[in-house]
Amino acid sequence: MPNRFLAVDWGTTNLRAWVVGAGGQVEAHREFPLGVSRLAPGEAAERFEDTVRPALGAEGLPAILCGMVGSNLGWRQVDYFPCPADLKTLAGGLKRISTSGPPVFIVPGLCCLRSDGGLDVMRGEEVQILGWIAGSPERSRGKRLVCHPGTHTKWVLLVDGRIERFVTAMTGELFDVLRKYSVLRAPPGYDDAPEDESAFDEGQKAAGDGTALASRLFTARARVAGGTMKPEQVKSYLSGLLIGADVAGTPALLGAGVGTPVVLLGDLDLCRRYQRALETAWATVSIHDGDAAVLAGLGALFEMESVR
């Protein structure tokens, strides 16, 4: 395979693509509103060839894709591999989907059993997390807790450079649904109000230990109705409440308690909100860029495939 390749993180709502050259140097980058939830069945392959490749001048490059593009909503369904898993696990499950022209590979997802006996799955986050590990030798030693905030936030236990197990919290999706469609939605004209840190902090405080969330959520409505919170503060309050409940309760499902050091990986703005909540709970937090991590992961997988 040539040294240059096309790296793609293809999610539910958006697609991010990079042309990567020698030494991992990014030569071009584009984002597209082509998430798999926005495409008709069978459309992914067409959009990849007629929109994504030409926009980056990447018609002749091999490509490696991760994320929901490998789900039953995407281009081609690729298996979930059980944890524990590392980059070698993912490399062994790469699925070639192109039959002519430059090769196109989709990265498999991961699955594990939760502590409550239920099954959990991820697609896309595993590449970022394992790419982050590949960025420094010391990250592959010992136990670590990683949080990947997002629509479906992932809390991941790492042991000696492998993803041991993980749990998913639908924090971002709940926030989106509640603020758009529920009684907690902001009144017209207020939904685009700027972030309010004091309202966020009040929401986190109201989350308590994360239990009885259905009851605690109604406090967003009661505070406005009772005149103790302004309508423009609802969005930030609700964000703080949901993130606060996530931070307070979800890590315990992986055996982690308050004060456990946490690595935040992903969108930097969202990571900073989690950082604010975690540091209030006396956790030691570090933030790392998700784009750099996913490129490191896809680059490592491309190299493993190219030397086969």
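Which loop holds Q233? Q233 sits in the loop between α7 (219–225) and α8. The model is predicted: local features need pLDDT of at least 70, side-chain atom pairs count only at pLDDT 80 or more, and totals for chains, interfaces and linings use all residues. Residues are numbered from 1 along each chain as its sequence is written, and side-chain values use heavy atoms, with hydrogens and water left out. Helices (H or I, at least four residues) and strands (E, at least two) are DSSP runs, numbered from the N terminus.

- Q233 counts as buried, at 16% relative accessibility.
- Buried means under 20% relative accessible area, exposed over 50%, and partly exposed in between (1.4 Å probe, protein chains only).
- Setting aside neighbours within four places in sequence, Q233 is in contact with D196, S198 and A199.
- Contact means heavy atoms within 4.5 Å.

**The five-stranded sheet**
- Five strands form an open sheet in the order β12-β11-β10-β13-β14, with mixed pairing.
- β12 and β14 (285–289) are the edge strands; each has a single partner strand, so one side of each lacks a neighbour in the sheet.
- From one strand to the next, the twist averages 25°.
- β10 (residues 143–148) pairs with β11 in the antiparallel sense, over six bridges.
- Strands pair if DSSP finds at least two bridges between them.
- C147 has W155 in β11 as its bridge partner.

**Helices on the sheet**
- α9 packs on the sheet and touches β10, β11, β13 (262–266) and β14.
- The direction of α9 makes about 175° with that of β14.
- α10 (residues 290–306) lies across β13 and β14, and runs at about 65° to β14.
- Axes are lines fitted to C-alpha atoms, for helices over the stretch in contact; angles run from 0 to 180 degrees between N-to-C directions.

**The α3 and α10 contact**
- α3 (residues 125–134) packs with α10 at an angle of about 85°, their axes 7 Å apart.
- The two helices, α3 and α10, are therefore roughly perpendicular.
- Angles of 65 to 115 degrees count as roughly perpendicular, under 35 as roughly parallel, over 145 as roughly antiparallel, and the rest as oblique.
- From α3, V127, Q128, G131 and W132 meet residues of α10 including G290, A293 and L301.
- The residues of this contact divide into seven nonpolar, four polar and no charged.
- Ala, Val, Leu, Ile, Met, Phe, Trp, Tyr, Cys and Pro count as nonpolar, Asp, Glu, Lys and Arg as charged, and the others, Gly among them, as polar.
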